[in-house]
Amino acid sequence: MKSEKSARLQIKVEFSDQGEVPALQAYAFNRQGAALGQAPLKDGAAVIEVPAEMDGQMVELILGPPTEKGQPLPTAAALKRMGGYAKSTRLLLDKPVLQLKLPTYVFPHWCLCYVRGRLVKRFNLPDGSARELPVCHARVHVCEVDRIRLVIEKLPDLDILRLRDDLLHKLQLRPLPFPPIPDPGPLAGPIMTRSAARPAAAQSPLPQAPASTGAETLALHAAALTTAQSAGQARSQLLGLASIIAIHLCDLTYLWGYFRVDALTTIDADSDGRFAALIFHDCADQPDLYFWVEQFQGGVWTTVYRPSIGCGTHWNYPCGSEVVINLPGAVACEEPPYDVPPGVTLFMLPYAIANAPIWGIPPGAPAAPAGWVRPDGMLDYQTGTSLGWLYNAPFGGTLNFIHDDSYFIPSSGIRYYRYSWRHLGASPNTGADDPSWTPISAPLARGYRMEYSDRLPTYESYPVGPVTVGSHSGLFEFKPQTPPARGTDPATVLVREWTQGNLGEVGAGWNTMLAAPPLSPDNLTDDAGVFEVKIEVFDPAGHQVMPGAGSFRFLARNADGTTTRLSTAAEEAGGAYVMRVHVDNNRVQADLPQPSIGGVSASDDCGFLRYHPGDLVRLRYLAAHPNQHAVFDFDVTRGSHVLPEASTLAPYVEVAASSAATVSAPYVKVAGYYQRDFTPTSLVGSCVNAAFAGSLRVYGKATDGYQRLGIDDSRLIAFALAERGVVHP
């Protein structure tokens, strides 16, 4: 809490030379580094208002570059890093004057650095294409990181030697052998640290890199590092290899804790995800910048990007260059990319399940394009992994339904919508709310931003449901054109604006685990299958609004992505838009027993499965899913080489397949297990005795529309074959 009483700390600076005096700002901090106040230095004087309770306490005064208007104050560490002059003094209210006599050369030349960037969200669509959208209404924290040279100077000797070895390994250089060290006899005291070591001049000579720049200088430092025989010598050469260390710092995790990070400023991204700021830095060195990002989601600020220091720092940032930050966890901003049919003003458009566009049942019912939600509720999608395309995939997990609606909704006759689900084929009932349908009622809120005439913007949230209106429950409010004013809003509010469009927000979030939980010892009923999901529209009194030319229209997307069409009779029922979603949260099954000969799989005391030349070795494995919604692959490795004759063909096999092909004969499914008999020679080859590994991986195909859910299982075994009766020394 800010003190009601304050004192005036006066700073008077006399410059002892005739040098040029830079623009200066005086900053005051307490011993914990908290800012007490600041004021510009004019004609060698500044007055800072500080809390009166600081009387008698130590205050750190720093003279540094002035901050831009509206930007947060830099920290004490950041000011010192950029070359600010620091002086600690005890604040005495009866003598609140600090007089300094300084030469102008103690201040570096400060340069302004224009920092700019762009926030994006990159993702793969189910059809395999990539897309990039801006991330707007986020805030970017711009920080400065200690220079690598500063960290090297303070590293303990053990970490210096470790860094030397790691860097030589990454550069594929070998240290030269050290000369024998004479036995010093019993240690009479502690091992010397760097500060206690003898002066560098007394140490054995070491090749020194000349004061030049470029690849040649780096090569000389690297060569000298191979001959470094002490931590001091290694430290000297590592200082010249800071640019090389920066390249590999992401792997050198033990160094991360030595770096300090200081906040310089916080910037709001605009509607295109762009941000920009001006910062000061010492002209003799480029700033090392680190960015982390928050976005207002669900009514709270959520960190969507905060990489490690070693992997996320932009070393020697070129001022003015654009930093592009990909934010997979952010909500992208998107303008509607489509046109509506002529004559349609009020509409609702079921758009997608997450990233999977909704195809519906168009006139003539053509097949859905790859990557679209099919009329049967399944999806063919590109995984972006070695699995490639997966076909006839169900949905699972939590499904985010995305829709859009007319700018003129809500209106006097339309205010609410509702999503509901039921098992396909459930018996309908009559009444206000058909009990065969269950509303999707996970709470939702819409974020918005308020600008003021007297303060920085704030971010708020507006809850939209679920609510009960009249006889209907589970209703959600269509987002108004502008965020509504609240009674608690100050009179200085200038603008209220939504932070996301409809296509960047969830219209309904359905946790399918509640409707179709996986089979388990506690759940013996398989609820997986086809579900119907319907969307209804309601007026302010809670009465359902029937679609039509005089009210509103349900629209559906066309494959071109830029046009829409009126929904068909096959897509509507009871005044609602109805679509199918195939849901399956069941787990896969994997089993990989040991190979057997004549039905016996147990190995002998030495761990071998022993064979006669005429025996057959049987390999068996189970790759299954209760409803066949999985794929698998199986590999056998001898030594370090995969045996294609015993391994399934890439990239995978459907668990529903009756056989699993290899380059030779297939595995055939018998009683649920895939199996095949091999002659021992076909497995051991010319080895006679050989060691093997068997690897089975089963992948569930279910997706939430963003990515495959990863309902997987795997097994790994090792086995060895040896010819019976053969004894080897």
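Start by selecting L112, which is partly exposed, with a relative accessible area of 46% (buried means under 20%, exposed over 50%, and partly exposed in between, using a 1.4 Å probe and protein chains only). You will find L112 in strand β8, residues 110-124 (strands are DSSP runs of E with at least two residues, helices are runs of H or I with at least four, and both are numbered from the N terminus).

Before moving on, note that this is a predicted model, where local features need pLDDT of at least 70, side-chain atom pairs count only at pLDDT 80 or more, and totals for chains, interfaces and linings use all residues. Residues are numbered from 1 along each chain as its sequence is written, and side-chain values use heavy atoms, leaving out hydrogens and water.

Next, select helix α5, residues 231-239. Seven of its nine residues are buried, so the helix is largely enclosed by the rest of the structure. Among the buried ones are A231, Q233 and L239.

Now for the salt bridges (a side-chain nitrogen of Lys or Arg within 4 Å of a carboxyl oxygen of Asp or Glu). The whole structure holds 33 of them. Pick R260 and D146, whose closest N and O atoms are 3.2 Å apart. R260 sits in the loop between α6 and β11, and D146 in the loop between β10 and α2, so this pair ties together parts 114 residues apart in sequence. R260 is partly exposed at 42% relative accessible area, while D146 is buried at 2%.

Then show R274 and E322, joined by a salt bridge of 2.9 Å, N to O. R274 belongs to strand β12 and E322 to strand β16, 48 residues apart.

For the last stop, look inside. Which residues line the second largest cavity? Select H403, D405, Y417, R446, E477, F478, K479, N502, E505, V506 and G507 (on a 1 Å grid over the protein atoms alone, a cavity is a set of points where a 1.4 Å probe fits but cannot get out, and lining residues have an atom within 4 Å of a point). About 90 Å³ of space lies in this cavity (a volume is the space filled by probe spheres set on the points, which are joined across faces, edges and corners). In the whole structure, five cavities of 30 Å³ or more are found.

Note on methods
1 Å grid on protein atoms, 1.4 Å probe; cavity = no way out; pocket = protein on both sides within 12 Å on 5 of 7 lines; lining within 4 Å.
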